[in-house]
Amino acid sequence: MGIRDFCKTHFRHFNAAALVDAAEGYRRHVDGGGKMLVTLAGAMSTAELGISLAEMIRQDKVHAISCTGANLEEDLFNLVAHDAYERVPNYRDLTPADELALLGRHMNRVTDTCIPELEAMRRIESVVLDEWVAADASGERYFPHEFMYRVLRSRKLEGSYRIDPRNSWLVAACEKDLPIWVPGWEDSTLGNMYAGHCISGDVRNVHTVRTGIEAMQTLAGWYTRTAPSTSVGFFQIGGGIAGDFPICVVPMLHQDLRRTGVPLWGYFCQISDSTTSYGSYSGAVPNEKITWGKLGVDTPKYIIESDASIVAPLLFAYVLDQ
């Protein structure tokens, strides 16, 4: 029994049924010629979402991505340092002294997984710094993901791969030249490193890495070119800036630029375990987005209140009929 048949057989109620409904809606949207923008919050790359997301990209089920700087870089960290990662299954039992010991070993913990600073972060820093400095010297400017694409296309890291590159969503996105937006990139390890290199003078022009406002401008251009002829869906994993930034492009085009003929998002699904209250963006149910001019009354809307590290791979496998 494949994943799709398994889900249809067993996932008939509650959040399980919401997963099937959302997956069927996803299928209808892309099979009908629609495009899909996927947003990545949290630490989904360290959760190895690339194993399923990369295939979605290769099979043209994902057409654009908005992600945090952490998700952008951590897919690359995993690509080159997976063998040196350490899992801590009893992480809830760690004492402050245990955490300090991990820091002393340069092992940065994300829930149950420790990312090795030297093998992952510093290895990527050394190659991306070359790209930052070269671009800075020539007066060129690129977005964060474009620098990652330049690193991958240079093949400088190929000898350091520690997983099958087919399991890297960033490699798949690079091969497709997928548009990516990384709002708030400064809030990432590489963003911090970049700031340091600007302070030290290695990079003279802080705008060598293009800004978030420029990212919104390019997103507006992409949406304006795409949505009038091809419905664009929105598949949101988690909340926060990765989701809020791109979904706001529609009300901006309508309300701030006064443009007409720009369709609303044509599909919406959010995977979240946030409490649907207290004013949090992550906990905002889809109908709330109608009041902001992001979704319409008739937009297919789904919310799966569960753990994205479980739900997203299942839903992607369902769409791919694996």
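Let me start with a helix on a sheet. Helix α6 lies across strands β4 and β5, and runs at about 55° to β5. Before I go on, please keep in mind that this is a predicted model.

The sheet under that helix comes next. It has three strands, it is open, and the order is β3-β5-β4 with antiparallel pairing. The edge positions go to β3, residues 86–87, and β4, residues 107–110; each has a single partner strand, so one side of each has no neighbour in the sheet. β4 and β5, the latter covering residues 113–116, run antiparallel and are joined by four bridges.

How many cavities of 30 Å³ or more turn up in a search of the whole structure? The search finds one. The volume of the largest cavity is about 30 Å³. Its lining consists of Leu-72, Val-128, Trp-132, Pro-144, Met-148, Trp-185 and Leu-190. Two elements give two or more residues to that lining, namely α6, residues 117–138, and α7, residues 144–154. Sorted by class, the lining has seven nonpolar residues, with no polar and no charged ones.

The largest pocket is another matter. It holds about 340 Å³ of space. There are 17 residues in its lining, and those nearest the pocket centre are Gly-42, Met-44, Gly-238, Asp-273 and Ala-308. What is the class make-up of this lining? Seven residues are nonpolar, eight are polar and two are charged.

Ala-308, one of the residues nearest the pocket centre, brings me to helix α13, which spans residues 308–320. A general point on how such packing is reported: two packed helices are described by the angle between their axes and by the distance between those axes. For α13 and α3, which is residues 50–58, the angle is about 30° and the axes are 9 Å apart. The crossing of α3 past α13 is left-handed. From α3, the contact uses Ser-52, Leu-53, Glu-55 and Met-56; from α13, it uses Pro-313, Phe-316, Val-319 and Leu-320. By class that makes six nonpolar residues, one polar and one charged.

Last, the other sheet. Which way do its strands pair, parallel or antiparallel? They pair parallel: this is an open sheet of six strands, in the order β6-β2-β1-β7-β8-β9. At the edges are β6, residues 180–181, and β9, residues 301–304, and each of these pairs on one side only. β8, residues 267–271, runs parallel to β9, and four bridges join the two.

To recap the two sheets: the pairing is antiparallel in the three-stranded one and parallel in the six-stranded one. That is what I have for today.

Conventions:
Residues numbered from 1 in each chain as written. Predicted model: local features only at pLDDT ≥ 70, side-chain atom pairs only at ≥ 80, totals over all residues. Heavy atoms only, no water. Axes fitted to C-alpha atoms, helices over the stretch in contact; angles between N-to-C directions. Left-handed = near helix turned anticlockwise from the far one by under 90°. Contact = heavy atoms within 4.5 Å. Nonpolar A, V, L, I, M, F, W, Y, C, P; charged D, E, K, R; others polar. 1 Å grid on protein atoms, 1.4 Å probe; cavity = no way out; pocket = protein on both sides within 12 Å on 5 of 7 lines; lining within 4 Å. Points joined across faces, edges and corners; volume = space filled by probe spheres on them. Pairing = 2+ DSSP bridges.
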